[in-house]
Amino acid sequence: MADGMTTQSSSLGRETNAASLAALVSGSGISKLFTEMGASAVWDGGGTLMPSVSEILDMVDKVTGEDVIFMPNNKNAIPASREAAKLSKKNMIILPSENLAQGLECAAEFQSNLDIESNFRNVNELLPFIKMIAIFSASRSTSINGKKVYAGEIVAMQDDSILGSGPNAVDLLV
């Protein structure tokens, strides 16, 4: 895991009860964004964002603060994250971010000078309002929730539901 992990130490303007932020990310650009927004540690898991419990614990242990808000940024990584929080020696709270859009918005709202409870309350309230739409090219023909999609067609999805499909990504975005 060390290959994909970045940690940042900064004690400027931080109080001893201030919270730290740690996140699972995908890609160096996203990693840089999270770090610039104040994340103390990020783990670039590539496309899967599926670290083991021990990898999550290793990452959180490298954060200098004792209070850590951890963002899995993948709904499938939330159970491992919760298990890591039970085993961690730190005061670790899981913010159940299901995707990078939720994680980025919460990281932007994170305030490193606030205590962990205040920070968690502030960012957790945002989660239901952050929606992500994925636009991609279908690799094969299939049917999703009764809607037919053809190989090569551009598809827009939100929350496992097809919003639309067609030959042009820009038209779908608009």
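Residues are numbered from 1 along each chain as its sequence is written. In this predicted model, local features need pLDDT of at least 70 and side-chain atom pairs count only at pLDDT 80 or more, while totals for chains, interfaces and linings use all residues; side-chain values use heavy atoms, without hydrogens and water.

Helices (H or I, at least four residues) and strands (E, at least two) are DSSP runs, numbered from the N terminus. Helix α1 spans residues 28-36, and its buried residues include Ser-31, Phe-34 and Thr-35. Buried means under 20% relative accessible area, exposed over 50%, and partly exposed in between (1.4 Å probe, protein chains only). These three residues cover an arc of only 100 degrees around the axis, which puts them on the same side of α1; the arc is taken from the directions from the helix axis to the C-beta atoms. Lys-32 and Glu-36, on the other side of α1, are exposed. After α1 comes Gly-38, with a positive phi near 110 degrees.

The strands β6, β9 and β10 form, in the order β6-β9-β10, an open sheet with antiparallel pairing. Because β6 (134-137) and β10 (161-166) stand at the edges with a single partner strand each, one side of each is left without a neighbour in the sheet. Two strands pair if DSSP finds at least two bridges between them. β9 and β10 pair in the antiparallel sense over five bridges, and Ala-156 has Gly-164 in β10 as its bridge partner.

Two residues other than glycine have a positive phi. Asn-73, with phi of about 55 degrees, is found in the loop between β4 (67-71) and α3 (78-87). Asn-73 is buried, at a relative accessible area of 2%. Asp-159, with phi near 50 degrees, is found in the loop between β9 and β10. Asp-159 counts as exposed, at 54% relative accessibility.

Asp-159 also belongs to the lining of the largest pocket, where Glu-98, Asn-99, Met-132, Asp-159 and Asp-160 lie nearest the centre among 21 lining residues. On a 1 Å grid over the protein atoms alone, a pocket is an open set of points where a 1.4 Å probe fits, with protein on both sides within 12 Å along at least five of seven lines; lining residues have an atom within 4 Å of a point. α4 (100-109) and β9 (154-158) each supply at least two residues of this lining.
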